Amino acid sequence: YTHRVAESKKCSGRAWLWLLAGLIAVGAAFPFDARVCLALDATHDAALKHFAWWCSKLCEGWVIAVVGIFFALVYLLANRPRVAANIFFVALTSELTGLAATILRLFFGRARPNNHDVAQGFYGMWHDGHWILGQFKFSSFPSGHAASAVGLAAAAWLVHRGWGAVLAVYAVAVMWSRIALECHHLSDVLASTVLSIVLAVWLKPRLLPSVEFQFGNLNRFFRKQK
């Protein structure tokens with residue numbers, strides 16, 4: 001118990017430090033949003049646009065959930081409950097970081113780069129006499145796809161450095177795709193990166209032990225059935 005408390009405090013300290021540095025980076029990125037969007041625009045190249053579309057599609061929440069549950073079950077049935085628990089934790093963290101970003105962007109109401117009906121900016125929940133809460137055109141900041149991808153990579157890094165590095169490449173591809181498809185600004189994906197890493201670090205000592213305990217119970221149950 002004492003070890004877990006110490007680890008929790010250490011992780012919290014790192015999370016606050018990362019949050020401070022991240023907020024500074026996000027603030028510094030705003031002046032470059034338009035230039036980066038223009039430089040990475042893939043909407044006029046059919047092949048590149050198709051590739052970007054697949055990068056984004058493979059990071060949708062249901063895809064991560066299905067893949068995570070499948071491999072968790074595979075390792076659980078292979079009598080490796082700890083690996084199964086790690087996989088489940090990584091997928092669950094990705095879902096939670098994506099959900100957090102999706103909820104937050106409802107309140108910011110930032111116009112997407114491809115929203116040409118209004119001037120680029122933050123509009124909150126109400127604009128021009130109408131609710132814009134949840135409207136796609138005003139759901140740019142932060143990026144849900146990027147938050148899911150970075151959450152996946154950050155959680156994987158916390159349990160296995162090698163897989164974390166591999167998924168970090170995947171996360172960068174997703175972040176690029178969101179800008180290339182004119183769905184998000186640079187600052188949107190950077191904000192998602194900050195949010196996801198902070199949440200992943202905060203969640204590990206609070207969530208992973210419970211997940212490992214439950215998978216241990218499941219493993220013992222399956223072994224008794226044999």
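Reader: How many disulfides does a search of the whole structure find?

Author: The search finds zero disulfides, a disulfide being a pair of cysteine sulfur atoms within 2.5 Å. Please keep in mind that this is a predicted model, in which local features need pLDDT of at least 70 and side-chain atom pairs count only at pLDDT 80 or more, while totals for chains, interfaces and linings use all residues. Residues are numbered from 1 along each chain as its sequence is written, and side-chain values use heavy atoms, with hydrogens and water left out.

Reader: Which residues of H3 are buried?

Author: In H3, a helix that runs over residues 46-57, Ala-52, Cys-55 and Ser-56 are buried. They cover an arc of only 95° around the axis, so they lie on the same side of H3; the arc is that of the directions from the helix axis to the C-beta atoms. Helices here are DSSP runs (H or I, at least four residues), numbered from the N terminus.

Reader: What do those buried residues pack against, and what is on the face turned away?

Author: They pack against helix H6 (144-159) and helix H7 (161-180), with contact meaning heavy atoms within 4.5 Å. The face of H3 turned away from the buried side carries the exposed residues Ala-46 and Ala-47. In helix H7 you will find Ser-177, which touches Ala-52, Cys-55 and Ser-56, not counting residues up to four places away in sequence. Ser-177 is itself buried, with a relative accessible area of 0%.

Reader: Switching topic, which residues touch the most other members of the largest nonpolar core?

Author: Among its 26 residues, these are Phe-89, Val-90 and Phe-215. Such a core is a set of buried Ala, Val, Leu, Ile, Met, Phe, Trp, Tyr and Cys residues joined through side-chain atoms within 4.5 Å. The largest share of this core, seven residues, comes from H6.

Conventions
Helix = DSSP H or I, 4+ residues; strand = E, 2+ residues; numbered from the N terminus. Expected span 1.5 Å × (residues − 1). Buried < 20%, exposed > 50% of the residue type's maximum accessible area, 1.4 Å probe, protein only.
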